[in-house]
Amino acid sequence: MDYLKNSDLLKALGHPVRLQIIEGLLHYDECNVNKIVDKLNLPQSTVSQHLKILKNQGIIIPRNDGVKKCYRIIDDRVFKIIEILRK
């Protein structure tokens, strides 16, 4: 087991806003920043900071859609973690 890598994943997920972002991405499969901002009712800069943390940990990946970026989850461990948290 890679304790450092797993610890970094859990730290990245360990903020309520980031958990909400992940849950939204699980529900919608993919989502752009504006939709996330609208759903969470937070400033765009705040959402962007949280997305950056998730991206830097390799949890999500952006896809350019014109001038928008759409994010999706790429770390399969996240699906299992969220499933456990929902119980």
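How do the axes of helix α2 (residues 16–28) and helix α3 (residues 33–40) cross, and within what distance do they come? In this predicted model, local features need pLDDT of at least 70 and side-chain atom pairs count only at pLDDT 80 or more, whereas totals for chains, interfaces and linings use all residues. Residues are numbered from 1 along each chain as its sequence is written, and side-chain values use heavy atoms, with hydrogens and water left out.

The axes of α2 and α3 cross at roughly 120° and come within 11 Å, where axes are lines fitted to C-alpha atoms, for helices over the stretch in contact, and angles run from 0 to 180 degrees between N-to-C directions. That angle makes α2 oblique to α3, a term for what remains once angles under 35 degrees (roughly parallel), over 145 (roughly antiparallel) and 65 to 115 (roughly perpendicular) are set aside. In the contact, defined by heavy atoms within 4.5 Å, Val17, Gln20, Ile21 and Tyr28 of α2 meet Lys35, Ile36, Lys39 and Leu40 of α3. The residues of this contact comprise five nonpolar, one polar and two charged.

The strands form an open sheet of three, in the order β1-β3-β2 and with antiparallel pairing; two strands pair if DSSP finds at least two bridges between them, and helices (H or I, at least four residues) and strands (E, at least two) are DSSP runs numbered from the N terminus. The edge strands, β1 (31–32) and β2, each pair on one side only. Strand β2 (residues 60–65) is joined to the antiparallel strand β3 (residues 68–73) by six bridges, and isoleucine 61 stands opposite arginine 72 in β3. With two residues between them, β2 and β3 form a hairpin, in whose turn glycine 66 has a positive phi of about 70°.

Definitions and conventions
Nonpolar A, V, L, I, M, F, W, Y, C, P; charged D, E, K, R; others polar.
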